[in-house]
Amino acid sequence: MEGVDHLADERNKAEFDVEEMKIVWAGSRHAFEVSDRIARLVASDPVFEKSNRARLSRKELFKSTLRKCAHAFKRIIELRLNEEEAGRLRHFIDQPAYVDLHWGMFVPAIKGQGTEEQQKKWLSLASKMQIIGCYAQTELGHGSNVQGLETTATFDPKTDEFVIHTPTQTASKWWPGGLGKVSTHAVVYARLITNGKDYGIHGFIVQLRSLEDHSPLPNITVGDIGTKMGNGAYNSMDNGFLMFDHVRIPRDQMLMRLSKVTREGKYVPSDVPKQLVYGTMVYVRQAIVADASIALSRAVCIATRYSAVRRQFGAHNGGIETQVIDYKTQQNRLFPLLASAYAFRFVGEWLKWLYTDVTERLAASDFATLPEAHACTAGLKSLTTTATADAIEECRKLCGGHGYLWCSGLPELFAVYVPACTYEGDNVVLQLQVARFLMKTVAQLGSGKVPVGTTAYMGRAAHLLQCRSGVQKAEDWLNPDAVLEAFEARALRMAVTCAKNLSKFENQEQGFQELLADLVEAAIAHCQLIVVSKFIAKLEQDIGGKGVKKQLNNLCYIYALYLLHKYLGDFLSTNSITPKQASLANDQLRSLYSQVRPNAVALVDAFNYTDHYLNSVLGRYDGNVYPKLFEEAWKDPLNDSVVPDGYHEYLRPVLKQQLRTARL
């Protein structure tokens, strides 16, 4: 029934102020108001319609993406939107497109690595979109190992130019978004060679296509790498391949903030510290963690609402069946994911602060905390994206068979999201970077060097290596000190055990290779501690609104105790807790699920997602699921005719046993 809120009873159960929780989720009243206004603007514009994406061919989908991007740029100009509002507009359009890489990678690369003069020239063009750029780093044969890239940029002093060349097939640029069909320019990463010497990987601005007719420039081979996973999904993006056959560019198109090549071909590092690159890396990774909380919250919103709508079993004497959300098995799978969405949101907030802190320190030439910040952001990118990809799939299963329908919103969300596990660093490789840093930190513990930032707890190694948890009853697990000590003891003891095992090898690098699996587990333990500690720190802030803090408190301890249960082997094998204490944690977890249950729908309402943005029949705000499923079914092109196309050629001959005479 139209106009009826089928979830009204659920919303009336809420024990907290949903409007205040929306502001906590958004980060501030200002952020909430901007997001709310822009989300509604996008939802009300027919050009941004997206419910038909699965039925479009690849070419139609791509053309619709170009149309949406052009319309968005037009609206940004007409409405005079500022940078924040324009960013929100692109976000709520919710269709992967070349603009994501133009604004998210091409522009920041020039800002971070270009001189003032280069920024003045290129950013003025890029900001008006008179040129459109992408970030051409990854190659067919190398992704994570940037130092292994093969593309070359050889300086020719006779003409004052760099010659960009693809020496092998595996040196072809492969994957950059926006490259395949749209970008006019790219920041291309290549090995800088001058006077016969290889100076490693550097960035160069290279024009790829004519600004008159968009055709590729001479000696440039460029195209799209082909269809990717899912219907709609990331297929709206023109991920591309690119090959150069001795393409010449002016010397001043090398990004020269960190180093330059003189007219004579001399390589000169600049006075600007190389560590500045870390700033950009921290920025990109904090954005990825923020995206993880958004993708996860979307999936959880769909699964929670549908779990409240769906009824199955439990009817007596013809009575009403039980809501699926009331089954403990459903709560046990769903509520930790709801808690994770909030946990990732708050660690993402903290990472924004960290980025500001790193930027200020870089400006003051203070590099002391950089290795820790780099390791921390690498680990959190890996942890949150892996957990989110797994959680979206779990939410699909939580919705039963209907979750497999494209119109549930979950298959496309999964297909769009999973690349995050490999782009900007493969997740396992990133955790090994964290592990290397942890091993270095453990090795320095006796030297008087005090661990900083998220490794500060390692400075209390003497206590954490011998302490025993004081938990005696289930409620003790709601004590932040008890939870933190258990997570700190587990993380430190796992790291120390790895360090001890490493020391048994004569060759440290060989030892590292042998212990890779253990090292990844130690890194994950450290990163989970960070997320738990930042959620607890969030609760120490002044949070207003009736019942808001209590709900966040429940979610915080659900997240922590769910991890404790899931990784129980770690906690027991390191003697961080006892089996009895683990059992008490489970008792407390069940109690927390019961407390969250009446608030579950309201907690996902606090994400403030429009139906347009969610794009899910199962996750509709009004819960009117079943009539809308039929509506979507009738829209499918297969239902355009009652008798299917091909009946007379292929189906009738089978039914009538006339296959011999049929013209197949």
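The model is a predicted one, in which local features require pLDDT of at least 70 and side-chain atom pairs count only at pLDDT 80 or more, whereas totals for chains, interfaces and linings use all residues. Residues are numbered from 1 along each chain as its sequence is written, and side-chain values rest on heavy atoms, with hydrogens and water left out. Helices (H or I, at least four residues) and strands (E, at least two) are DSSP runs numbered from the N terminus.

**Cavity**
- The search of the whole structure finds 1 cavity of 30 Å³ or more, a cavity being a set of points on a 1 Å grid over the protein atoms alone where a 1.4 Å probe fits but cannot get out.
- The largest cavity holds about 130 Å³ of space, the volume being the space filled by probe spheres set on the points, which are joined across faces, edges and corners.
- Its lining (residues with an atom within 4 Å of a point) comprises 14 residues, of which Cys69, Ala72, Arg90, Ile93 and Val99 lie nearest the centre.
- Helix H4 (58–78), helix H5 (83–93) and helix H6 (98–113) each supply at least two lining residues of the largest cavity, and H4 gives the most, with 6 residues.

**Second largest pocket**
- The second largest pocket contains about 550 Å³ of space, where a pocket is an open set with protein on both sides within 12 Å along at least five of seven lines.
- Of the 28 residues that line the second largest pocket, Ala387, Asp390, Tyr562, Lys566 and Tyr567 are the closest to its centre.
- Several helices give two or more residues to this lining, among them H9 (328–363), H12 (427–443) and H17 (548–566), while the largest share, 7 residues, comes from H10.

**His374 and the annotated span**
- His374 is placed in helix H10 (residues 370–398), and at 17% relative accessibility His374 counts as buried (under 20% relative accessible area, with a 1.4 Å probe and protein chains only).
- Leaving aside neighbours within four places in sequence, His374 is in contact (heavy atoms within 4.5 Å) with Tyr278, Met281, Arg285 and Gln433.
- The unreviewed UniProt entry annotates residues 278–439 as "domain: Acyl-CoA oxidase C-alpha1", and this span is 73% helix and 0% strand.

**Sheet**
- An open sheet of 3 strands runs in the order S4-S8-S7 with antiparallel pairing, and strands S4 (173–174) and S7 (220–224) stand at the edges, each with a single partner strand, so one side of each is left without a neighbour in the sheet.
- S7 and S8 (residues 240–244) pair over 5 bridges, at least two bridges being needed for DSSP pairing.

Definitions and conventions. Buried < 20%, exposed > 50% of the residue type's maximum accessible area, 1.4 Å probe, protein only. UniProt positions renumbered as here; feature names shortened; annotations may be inferred.
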